[in-house]
Amino acid sequence: MEIKAIRGFNDVLPEEIGKWQFVEGTARTVFEGFGFSEIRIPILEQTRLFSRGIGEATDIVEKEMYTFQDRSGNSLTLRPEATASMARAYLEHQMYSFDPVAKLYCMGPMFRYERPQKGRYRQFYQIDAEVFGVANPMVDAEVIIMLIEFLKRVGLENLELQVNSLGCRECRPQYREELKRFFESKSFQLCEDCQRRLNSNPLRIFDCKVETCKEAIAGAPKVTDFICAECQKHFGEVKAYLAIAGLAFILKPEMVRGLDYYTRTAFEVVSYQLGSQNAVTGGGRYDNLFQEIGGPDIPGIGFAIGMERLISLLPKEKEVVRRPDLFVAALGLEGQTEAYRLINQLHLNGIWAELDYEGKSLKSQMRRADKLQARRVIILGDEEIKKSRAVLRDMEDKSQEEIPLSNLVNALKEKVTQ
Ligand code: HAM
């Protein structure tokens, strides 16, 4: 076929959709239980929302956004993430005027022009949860507890929760300078990109996968040694609250996250089953984001789960095979008319029934019923019509019984819901 999907853009086929629906359904149940409400935001936003929100000197804004001009010359961008858009919606609709605290979640596709590989796509789905309006470290822990509960409920095991603190506007500049000094002394080891990052954003060097840069990173000063007393206190409380909740975590001082809006708490959940793209979830606090996008001083914290990575880790038993409740095998004109009437009534009653539309032999209809893994087959041949009784065959235990046509829908409804 000549016209194919765009590189890095995937179809989710019907045989996989059961897992997606299961994951999305579980997220709704768990998040709503924690007081979160769903919000749906546009896929396109003004480019400056992301360049200001995520930060000009991030990989996302520098080289990964799908940005274009619309017919009126406005610069628009396909959302590379959802946090900035959710913050924009909260401000635009003055959601704070009713209650400053908003707990929101959303699900949907994000777009980043990255090099596609296993676990990294150009269109990928996220489930995103955010709390706006609370600075208390208790909520940092609450959000992480919700995330871990969700991951547990979908059946994921052997995950590692990593946490860090990235400081704030007051203490980060000092750390940045320290880092710059350190990497300048190692600049001969740094790749071309990191040489540039040295001046624009030295924290980004931590994300570099080039071997010589990774060696340079090994001895770098730790952010948690430089954060101010307020940030230390906040981080100490987050760790204490996680411990009270019985959550195991490891400290990861080199985790800086790929977006510039983070302040204080940052966290990731990784799986060593995933290979190089091992983060299932990333998140953290962003107490300056609202101001960066032109709003008042409102704190926020949240996370986003990568759906494709999560789904690739689901245990086998979460695979859902959809099977028809019933296959209607009909022979002859009368049988087919009766079958048509029957499947319509069944569908109106929420019973999934399949029919052969080609007028094939009983043998070939039974073969199709087998292929579709129908649980039961109802046979409507001339003989059955004449006797006003249909034959119901259980495809699992192979038993058969006759059911009067007059009571067919009710009898089938009862059987299917048994
Ligand atoms: P992020 O770390 O860029 O954070 O993305 C979160 C998750 O999305 C990753 O851990 C990964 O599972 C998935 N992901 C990211 N890029 C790709 C890709 N190209 N292909 C497949 N999966 C991918 C954010 O997006 C922040 N907005 C999270 C956040 C919410 N922070 C605070 N609130």
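This is a predicted model: local features need pLDDT of at least 70, side-chain atom pairs count only at pLDDT 80 or more; totals for chains, interfaces and linings use all residues.
Good morning, colleagues. I begin with the overall division. The protein is split into domain 1, which covers 14–171 + 227–318, and domain 2, which covers 326–417. Between the C-alpha centres of domain 1 and domain 2 the separation is 49 Å.

Let me turn to the sheet of 8 strands. The sheet is open, its pairing is mixed, and its strands follow the order S1-S5-S6-S11-S10-S9-S7-S8. At the edges stand strand S1 (37–38) and strand S8 (250–251); each has a single partner strand, so one side of each is left without a neighbour in the sheet. Within this sheet, strand S10 (residues 279–285) pairs with strand S11 (residues 300–306) in the antiparallel sense, over 5 bridges. Here Arg285 is found opposite Ile301 of S11. Which strands does helix H1 touch? Helix H1 (residues 14–33) packs on the sheet against S1, strand S5 (102–111), strand S6 (123–132) and S11, and its direction makes about 160° with that of S5. Helix H9 also packs on the sheet, where it touches strand S7 (159–165), S8, strand S9 (265–271) and S10. The direction of H9 makes about 160° with that of S7.

H9 has a helical partner as well. Helix H5 (residues 137–153) and helix H9 (residues 229–244) pack with their axes 8 Å apart, at an angle of about 40°. That angle makes H5 oblique to H9. The crossing of H5 past H9 is right-handed. On the H5 side, the contact is made by Pro137, Met138, Asp140, Ala141 and Ile144; on the H9 side, by His234, Glu237, Val238, Tyr241 and Leu242. Sorted by class, this contact of H5 with H9 holds 7 nonpolar, 1 polar and 2 charged residues.

I now come to the sheet of 3 strands. This open sheet has the order S2-S4-S3 and antiparallel pairing. S2 and S3 are its edge strands, each pairing on one side only. From one strand to the next, the twist averages 35°. Strand S2 (residues 44–46) is joined to strand S4 (residues 75–78) over 3 bridges, and Leu44 stands opposite Leu78 in S4. Strand S3 (residues 67–69) likewise runs antiparallel to S4, with 3 bridges between them. Two partners in S4 may be named: Thr77 for Thr67, and Leu76 for Phe68. Helix H2 (residues 47–54) lies across S2, S3 and S4, and runs at about 75° to S2.

Helix H12 (residues 332–348) packs with helix H15 (residues 408–417) at an angle of about 45°, and their axes are 10 Å apart. H12 and H15 are therefore oblique to each other. H12 passes H15 in a right-handed crossing. Which residues of H12 and H15 meet? Leu342, Gln345 and Leu346 in H12 meet Leu408, Val409 and Leu412 in H15. The residues of this contact divide into 5 nonpolar, 1 polar and no charged.

That concludes the presentation. Thank you for your attention.

Notes. Residues are numbered from 1 along each chain as its sequence is written. Side-chain values use heavy atoms; hydrogens and water are left out. Axes are lines fitted to C-alpha atoms, for helices over the stretch in contact, and angles run from 0 to 180 degrees between N-to-C directions. Helices (H or I, at least four residues) and strands (E, at least two) are DSSP runs, numbered from the N terminus. Angles under 35 degrees count as roughly parallel, over 145 as roughly antiparallel, 65 to 115 as roughly perpendicular and the rest as oblique. A crossing is left-handed if the near helix is turned anticlockwise from the far one by less than a right angle, and right-handed if clockwise. Contact means heavy atoms within 4.5 Å. Ala, Val, Leu, Ile, Met, Phe, Trp, Tyr, Cys and Pro count as nonpolar, Asp, Glu, Lys and Arg as charged, and the others, Gly among them, as polar. Domain bounds come from an automatic or database domain assignment. Two strands pair if DSSP finds at least two bridges between them.
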